[in-house]
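Take a walk through this structure, one region at a time. The sequence and the model come first.

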Amino acid sequence: MNDNLIRLGLLDEDDIILDEAALSLALLDHPDTDPTPYRALIDAVSQRLDTVGRGARTAEERADVLSEVLGEEFGFVGDRETYDDPANADLIRVIDRRRGLPVSLSILYVGAARRIGWTADALDVPGHVLVMVGAEAAPVIVDPFRGGMRVDHEALAALVLASTTGPAEAVSHIATMRNRAILVRLLLNQATRAEQAGHGRRALELYARMTSMAPAYGHAWWERARLELVDGDVTAARGSLSAMLEITRDPELRRRVTDTLGSLPPA
């Protein structure tokens with residue numbers, strides 16, 4: 001396993017530099033790529049943000065600057081035409097193309113804002129990821145997929161409603177995402193698309209990255225074990241399920257994992 005991935009798994013949550021971590025994950029698929037231009041672009045965005053936003057004090061002003069710099073000047077926007085292209089969840093390709101998924105674009109917004117000392121967080125919205133700027137009583141929400149357009153309360157409620165089959169969830173239940181959760185979401189997008197395209201080995205590799213980077217994330221262990229069984233590797237699947245059992249406290253889930261372990265053929 002890549003040393004950078006292992007180190008990322010050992011970092012405390014608050015020590016993860018979000019955009020740098022996402023770039024490190026992308027480099028696993030581009031081992032011969034020089035990361036210098038990509039780090040330079042990330043630095044250029046934050047420097048420009050610092051310059052344009054020097055007088056921005058309120059969340060509204062800072063949200064507008066983020067939109068101006070990332071959405072207008074650097075041209076980062078959502079890929080509506082080829083949304084399911086795996087490149088949209090690969091930060092190197094996102095930077096190359098200036099196109100991406102909500103989660104990858106949110107990483108760039110949040111990372112740039114934090115680099116100059118602004119408060120910004122990714123918001124987990126059903127079927128979408130937004131960015132919340134400011135932590136005071138009246139933060140502002142923007143949508144990086146739409147070039148940093150502001151999202152008011154009504155638009156946020158509409159997003160939630162569009163992603164649910166029953167009554168809309170309360171907007172107040174939408175939560176900020178921790179750094180590892182954002183990175184897992186990024187890899188999960190890639191893994192899901194890989195399996196849908198029939199690339200099971202690729203999906204397995206991505207779930208293995210998730211378990212190294214976020215070992216407390218039980219779903220990744222379960223999916224890793226499932227694909228290891230598809231691959232015929234019972235020993236590896238047993239190890240993944242055992243690791244999941246160590247971190248899972250939910251009684252029903254523990255029973256499910258234990259039953260699955262018991263059903264496996266002997267090694």
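The buried residues of helix 10 pack against helix 8 (179-196), helix 9 (200-213), helix 11 (234-247) and helix 12 (251-263). The model is predicted. Helix 10 itself covers residues 218-230, 13 residues in total. From first C-alpha to last it reaches 19 Å, close to the 18 Å expected at 1.5 Å a residue.

Which residues of helix 10 are buried? They are G218, A220, W221, W222, E223, A225, L227 and E228. Take A225 from that list. Its relative accessible area is 2%, under the 20% cut-off, so A225 counts as buried. A225 touches A237, S240 and L241, leaving aside residues up to four places away in sequence. After helix 10 comes G232, with a positive phi near 85 degrees.

The side chains of D231 and R201 meet in a salt bridge, at 2.6 Å from N to O. D231 lies in the loop between helix 10 and helix 11, and R201 lies in helix 9, so the pair ties together parts 30 residues apart in sequence. D231 is partly exposed, at 36% relative accessible area. R201 is exposed, at 60%.

A search of the whole structure finds 24. One of them joins R39 and E20, at 3.0 Å from N to O. R39 belongs to helix 3 (residues 36-52) and E20 to helix 2 (residues 18-27), so this pair ties together parts 19 residues apart in sequence. R39 is partly exposed at 34% relative accessible area, and E20 is partly exposed at 22%.

R255 pairs with D259, their closest N and O atoms being 2.6 Å apart. Both lie in helix 12, 4 residues apart, about one turn of the helix. R255 is partly exposed at 43% relative accessibility, and D259 is partly exposed at 44%. Salt bridges with shared partners also join D29, R202, E205 and R209 into one network.

D90 gives a contrasting case. It sits in the loop between strand 1 (77-78) and helix 5 (91-97). Does D90 lie buried or exposed? D90 is buried, yet it has no salt bridge. The nearest side chain of opposite charge is R93, 5.8 Å away. The D90 side chain instead reaches the backbone nitrogen of I92 at 3.0 Å. Beyond its sequence neighbours up to four places away, D90 touches A26, H30 and Q190.

Strand 3 (residues 120-125) pairs with strand 7 in the antiparallel sense over 2 bridges. There, D124 stands opposite A175 in strand 7.

End in strand 4 (residues 128-133), at H128. H128 is buried, with a relative accessible area of 11%. Its side chain makes a polar contact with the side chain of D143, at 3.1 Å. Residues up to four places away in sequence aside, H128 touches P102, L123, D143, F145, L159 and R185.

Terms used:
Residues numbered from 1 in each chain as written. Predicted model: local features only at pLDDT ≥ 70, side-chain atom pairs only at ≥ 80, totals over all residues. Heavy atoms only, no water. Buried < 20%, exposed > 50% of the residue type's maximum accessible area, 1.4 Å probe, protein only. Lys, Arg positive; Asp, Glu negative; His and termini not counted. Salt bridge = Lys/Arg side-chain N within 4 Å of Asp/Glu carboxyl O. Polar contact = N/O pair within 3.5 Å; in protein donor to acceptor, adjacent residues only side chain to side chain. Contact = heavy atoms within 4.5 Å. Pairing = 2+ DSSP bridges. Expected span 1.5 Å × (residues − 1).
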